[in-house]
Amino acid sequence: MVLTLVIGNKNYSSWSLRAGLFLQESGLAFEEVRLPLFTEQWFQTIGQYTPAGRVPVLLDGDLAIWDSTAIMGHLQERHPEAVGWPSDSRARAYTRSIAAEMHSGFLALREELPQNIRARHNRDRRDFSSSAQKDIERIETIWQTGYQQYGGPWLGGEFSVADVMYAPVAMRFVTYGIQLAPAAQQFVSAIQALPSIQQWAKDSEAESEVLSFIDNLNAAGTGDDAAAV
Ligand SMILES: N[C@@H](CCC(=O)N[C@@H](CS)C(=O)NCC(=O)O)C(=O)O
């Protein structure tokens, strides 16, 4: 059965990146339907795929599954080779916890440092609101703790759902030039070295659509007119 992944712009849509990376790293073949966010095509078409109106959406035969965690859970159930959790139970508990923390949190980071893979800004973390700074510090600690406890290169030692969840955050830190402690920086380097991420970045550069509310976000990044994509 052919799997189809409906995604937004590769450059801007972090949840699309997670689903795409999960499928790639699971070695599962899939087709891609790209609906650039907030275009006429988006508004006309997205409702055909999901009642939630957001990407990613996975089409598996006559099933439509939306939301990144539901997509990953569905694929794990049907494909034993899909990316899962580390075999060590402590690492499993850790990666499950931090993956859930990502899925449900870090709103200030998501608003003030939106994904923009092809852009480069030289920002200091103190340019951002105190809530976003707190998010950056928490993520830095999560990555350092993972490295110290499980030895890297991945957050639980072995590649897992947690690495998929934090991959777009690593790319955001590259975009905004956020300096990190070495044990956290090594996670960014590991993500950047993945061929699937390198291809995603290349595809992002080739996209022509521009979301100016993201590209023109001011240096202070107050997030006033930001939307979490
Ligand atoms: N919790 C969802 C988040 C999905 C989401 O927010 N997707 C964004 C793009 S990255 C979107 O479709 N935004 C469209 C909108 O806000 O109307 C998931 O894990 O998949």
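The axes of helix H7 (residues 161-176) and helix H8 (residues 182-192) come within 9 Å and cross at roughly 105°. Axes here are lines fitted to C-alpha atoms, for helices over the stretch in contact, and angles run from 0 to 180 degrees between N-to-C directions. H7 is therefore roughly perpendicular to H8 (the term covers angles of 65 to 115 degrees). This is a predicted model: local features need pLDDT of at least 70, side-chain atom pairs count only at pLDDT 80 or more, and totals for chains, interfaces and linings use all residues. Residues are numbered from 1 along each chain as its sequence is written.

Which residues meet? From H7 come Ala167, Ala170, Phe173 and Val174; from H8 come Phe187, Val188, Ile191 and Gln192. Contact means C-beta atoms, placed from the backbone, within 7 Å. Seven of the residues in this contact are nonpolar, one is polar and none is charged (Ala, Val, Leu, Ile, Met, Phe, Trp, Tyr, Cys and Pro count as nonpolar; Asp, Glu, Lys and Arg as charged; the others, Gly among them, as polar).

Now the sheet. Four strands form an open sheet in the order E2-E1-E3-E4, with mixed pairing. Helices (H or I, at least four residues) and strands (E, at least two) are DSSP runs, numbered from the N terminus. Strands pair if DSSP finds at least two bridges between them. Strand E2 (30-34) and strand E4 (63-66) are the edges, each pairing on one side only. From one strand to the next, the twist averages 20°.

Strand E3 (residues 57-60) pairs with E4 in the antiparallel sense over four bridges. Asp60 has Leu63 in E4 as its bridge partner. Helix H3 (residues 68-78) packs on the sheet and touches E3 and E4. The direction of H3 makes about 130° with that of E4.

Conventions: Angles under 35 degrees count as roughly parallel, over 145 as roughly antiparallel, 65 to 115 as roughly perpendicular and the rest as oblique. Two residues are in contact if their C-beta atoms, placed from the backbone, lie within 7 Å.
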